[in-house]
Amino acid sequence: MKEKIIIFDTTLRDGEQSLQSSLQIKDKIKIALALDAMKIDIIEAGFPISSPGDFKSVQEICKNIKYSTICSLARCVKKDIQVAAKAMSKLEHFRIHLFVGTSKLHIESKLKKNFEEIQDMAIKSIKIAKKYTDDIEFSCEDAGRTNIDELCKIVEILIKNGVKTINIPDTVGYTLPNEFSQIISNLYNRVPNIDQAIISVHCHNDLGMAVGNSISAIQSGARQIEGTITGIGERAGNAALEEIIMIIKTRKKLLNCFTNIKHKKIYHTSKIISKICNISIPLNKSIIGKNSFSHSSGIHQDGVIKNRKNYEIMSPQDIGLKKIQLNLTSRSGRAAVKQRMKEIGYSEKNYNLKKLYKKFLKLADKKGQIFDYDLEELAFIKKNNKKNKYFKLKNLKISSTVSKKTKIFIKLYFGKKIKKIKIKTKNGQINGIYKALKKITKINVLLKNFQINSVRKGKNYFTKIKILMKYKNKKFYETNLNKDLTKAFVQAIIKIFNNIWKSKQIKKLYKK
Ligand code: KIV
Ligand code: ZN
């Protein structure tokens with residue numbers, strides 16, 4: 001029978017610990033709610049003794065969470081345990097997570113104690129924690145480098161004293177997968193009362209093996225995995241839970257286990273965490289990276305069009321994404337271009353695929369990625385057609401002083417006609433221009449992203465602006481280079497508005 005793997009998330013404790021500045025309570029609640037909605041089994045909400053802010057945030061999280069068990073960290077110190085229990089006291093059920101270093105290195109050089117003293121500290125603190133809850137987890141910090149005889153000994157004592165979950169952290173991410181699974185197997189084979197507790201693992205990623213070590217621990221009998229969504233945590237981070245969850249789902253037959261996690265919420269949760277914690281997710285990050293479900297080369301694109309399983313072992317829907325993405329670049333083949341044209345509503349009867357593909361390759365070499373509106377333009381609009389530029393800037397005036405609102409005045413050609421707009425804003429030039437152009441053109445776009453870079457040409461610096469906008473579910477992307485930042489921004493937006501306008505005209509004429 002398949003066995004359940006308990007998923008323990010420490011984004012709000014180990015993850016938060018690694019950020020440049022601590023998170024605000026409202027943001028911690030947002031993250032906790034997302035984790036709760038994913039049905040994470042245990043949420044480690046904080047380390048309440050560490051600061052009044054952390055204490056308060058654990059209290060607030062307790063008020064908001066419906067499904068997950070809330071847990072707080074405490075050293076083997078009376079005050080730590082009391083404060084952790086107090087922070088969660090409104091809950092009927094909660095977990096206290098105690099820890100102490102068990103490796104020779106930690107015991108001697110960090111704690112300045114001996115092994116017997118560590119055992120005593122552990123037993124005393126378990127007794128105190130038991131007054132508040134029967135759900136006690138105990139971590140043998142630096143277990144990965146702890147002498148195995150001593151690890152077996154202390155684990156036996158912890159269980160004898162009533163600990164329900166024994167956590168085996170690879171605190172410094174040092175072990176190799178087969179070494180780590182040996183540690184877990186040793187505990188199962190040598191600790192006589194091991195059947196009375198759940199073995200958990202908590203792996204750090206210093207050598208990039210946190211997920212691999214966690215999975216090998218599952219294969220040796222661990223039944224709780226600790227980590228964080230996106231993998232944030234001390235130094236190189238913790239095991240990325242989204243990877244663990246999807247490995248368990250994708251390789252369930254081999255691993256013979258399951259989780260209760262709502263995996264369709266993975267992507268959404270990772271977005272919330274990356275936004276709040278201000279960490280960008282690398283394009284090639286497993287599961288949640290932008291490229292994880294997008295195909296670039298012509299051979300791969302052709303393969304997935306024929307049968308997505310040719311190049312996909314999971315579906316994007318599994319993590320809450322809509323569908324696979326074919327990145328249209330110069331490496332794409334004709335099949336991908338034809339497929340995209342079909343998806344955006346054009347039948348091959350309306351255009352010439354051979355000609356379109358030739359133009360596509362030329363533009364892709366210059367532009368990099370090709371968007372839907374580019375395809376429409378290549379397929380349907382003749383080069384040098386003056387009608388391509390409907391909007392054109394006639395005049396732009398901006399006046400701002402430190403204390404007053406910014407005044408923006410724009411005159412814009414609409415074909416041969418000229419329209420003008422004047423606005424005042426407290427939000428600065430960029431926001432003001434964006435607002436004014438939306439208002440005057442009545443094109444209700446959404447500015448998704450813009451990036452500013454400097455480019456040096458000879459002695460001069462130029463501003464290179466890249467803008468991504470969304471209009472009626474379609475992406476529009478433009479770049480512009482100008483010595484003046486504001487002008488670069490205005491011109492890029494106007495290019496996008498022209499592309500939207502063209503796309504509308506084409507749609508009227510050619511859509512099947
Ligand atoms: O990495 C570690 O050992 C920890 C413990 C407190 C569980 O974070
Ligand atoms: Zn840790």
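Author: Domain bounds come from an automatic or database domain assignment. In this predicted model, that assignment gives domain 1 (3-277), domain 2 (298-380) and domain 3 (386-510). The C-alpha centres of domain 1 and domain 3 lie 49 Å apart. Residues are numbered from 1 along each chain as its sequence is written. Local features need pLDDT of at least 70, and side-chain atom pairs count only at pLDDT 80 or more.

Reader: Why is α15 called oblique to α16?

Author: Helices are DSSP runs (H or I, at least four residues), numbered from the N terminus. Axes are lines fitted to C-alpha atoms, for helices over the stretch in contact, and angles run from 0 to 180 degrees between N-to-C directions. Helix α15 (residues 353-367) and helix α16 (residues 372-380) pack at about 135°, with their axes 9 Å apart. Angles under 35 degrees count as roughly parallel, over 145 as roughly antiparallel, 65 to 115 as roughly perpendicular and the rest as oblique. Therefore α15 is oblique to α16.

Reader: Which residues of α15 meet α16?

Author: With contact meaning heavy atoms within 4.5 Å, L356, K359, F360, L363 and K367 in α15 meet Y373, D374, L375, L378 and A379 in α16.

Key. Chains are lettered from A and ligands numbered from 1 in the order in which they are written. Side-chain values use heavy atoms; hydrogens and water are left out. Helices (H or I, at least four residues) and strands (E, at least two) are DSSP runs, numbered from the N terminus.
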